[in-house]
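Please read the numbered points with the structure in view.

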Amino acid sequence: MARKRIVPIREELNKLIRPSRLQKLAVETRTLQRQRKIDIVALFWTVVLGFAIGRNRTMASLRRAYEISTGTVLVPSAFYDKFTARFTKFMKKVTAEILTSLSCGMLVR
C-alpha cells in the first residue's frame, strides 16, 4: 500500500495566502514601509499561530516564538513597536481576504 505524502504545514498555510500577497497588503496598509529585521510574513504567522503555543500567551512569548521561527534575535522594542493601528488594519485586511477566498472556494494568490 502506498503511503500518503505528508505536506508540510508551511505549504498549506501559503495556500491560504501567498507571502507576496501578505507583503503587498503590508505595503498598502503602510504597515511595511521599509524592510528591516522584522519579516512581515513571519510576524503575521507568528501572531496567528503563536497564541496556540504554551500556556502563557504574552507579548514576550510571541517575541520568543518569532525569534525561534526566524532565527533572529530582536531587541524587545523592535518587536513590540510593530503592534500599531496600521498593523491592526493589516491583520483585518488579511483576515477578510482569507475568509472571502475560503467562502468563495478560492485561494488568494
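1. **Helix 2.** Helix 2 spans residues 19–28, and Arg 21, Leu 22, Leu 25 and Ala 26 are buried within it. Helices here are DSSP runs of H or I of at least four residues, strands are runs of E of at least two, and both are numbered from the N terminus. Buried means a relative accessible area under 20%, exposed means over 50%, and partly exposed lies in between (1.4 Å probe, protein chains only). Just after helix 2, Arg 30 adopts a positive phi of about 65°.

2. **Basis of the model.** This is a predicted model, in which local features need pLDDT of at least 70 and side-chain atom pairs count only at pLDDT 80 or more, while totals for chains, interfaces and linings use all residues. Residues are numbered from 1 along each chain as its sequence is written, and side-chain values use heavy atoms, with hydrogens and water left out.

3. **Overall architecture.** The protein chain contains six helices and zero strands, and its pattern along the sequence reads α-α-α-α-α-α. Of its 109 residues, 33% are buried. Among contacts (heavy atoms within 4.5 Å) between residues at least 6 apart in sequence, 62% join residues at least 24 apart. The accessible surface of the protein chain comes to about 7,700 Å², with 58% of that belonging to carbon and sulfur atoms; such areas come from the Shrake-Rupley method with a 1.4 Å probe, and for residues only the protein chains shown count as cover.

4. **Aromatic pairs.** How many aromatic pairs does a search of the whole structure find? The search finds seven. Rings of Phe, Tyr and Trp (its six-membered ring) pair if their centres lie within 6.5 Å; planes under 30 degrees apart count as stacked, over 60 as edge-to-face and the rest as tilted. The rings of Tyr 66 and Phe 79 have centres 5.9 Å apart and planes at 45°, so this pair is tilted. The pair links distant parts of the chain, with Tyr 66 in helix 4 (residues 59–70) and Phe 79 in helix 5 (residues 76–80), 13 residues apart. Both Tyr 66 and Phe 79 are buried. Ring pairs also join Phe 44, Trp 45, Tyr 66, Phe 79, Tyr 80, Phe 83, Phe 87 and Phe 90 into a cluster.

5. Glu 12 forms one with Lys 15, the closest N and O atoms being 3.3 Å apart. These two residues lie in helix 1 (residues 9–16), three residues apart, or about one turn of the helix. Glu 12 is partly exposed at 36% relative accessible area, and Lys 15 is partly exposed at 35%. Arg 63 forms a salt bridge with Glu 67, with the closest N and O atoms 3.3 Å apart. Because they are four residues apart in helix 4, Arg 63 and Glu 67 are separated by about one helical turn. Arg 63 is buried at 14% relative accessibility, and Glu 67 is buried at 15%.

6. **A salt-bridge network.** Salt bridges that share partners join Arg 21, Glu 28 and Glu 97 into one network.

7. Ser 61 is found in helix 4 and is buried, with a relative accessible area of 17%. A polar atom of its side chain lies 2.8 Å from the backbone oxygen of Thr 58. Ala 65 has its place in helix 4 and is buried at 17% relative accessibility. The C-alpha atoms of Ala 65 and Leu 49 are separated by 9.5 Å, and the two residues are 16 residues apart along the chain.

Notes:
A polar contact is a pair of N or O atoms within 3.5 Å; within protein, one must be able to donate a hydrogen and the other to accept it, and residues adjacent in sequence count only if both atoms are side-chain atoms. A salt bridge is a side-chain nitrogen of Lys or Arg within 4 Å of a carboxyl oxygen of Asp or Glu.
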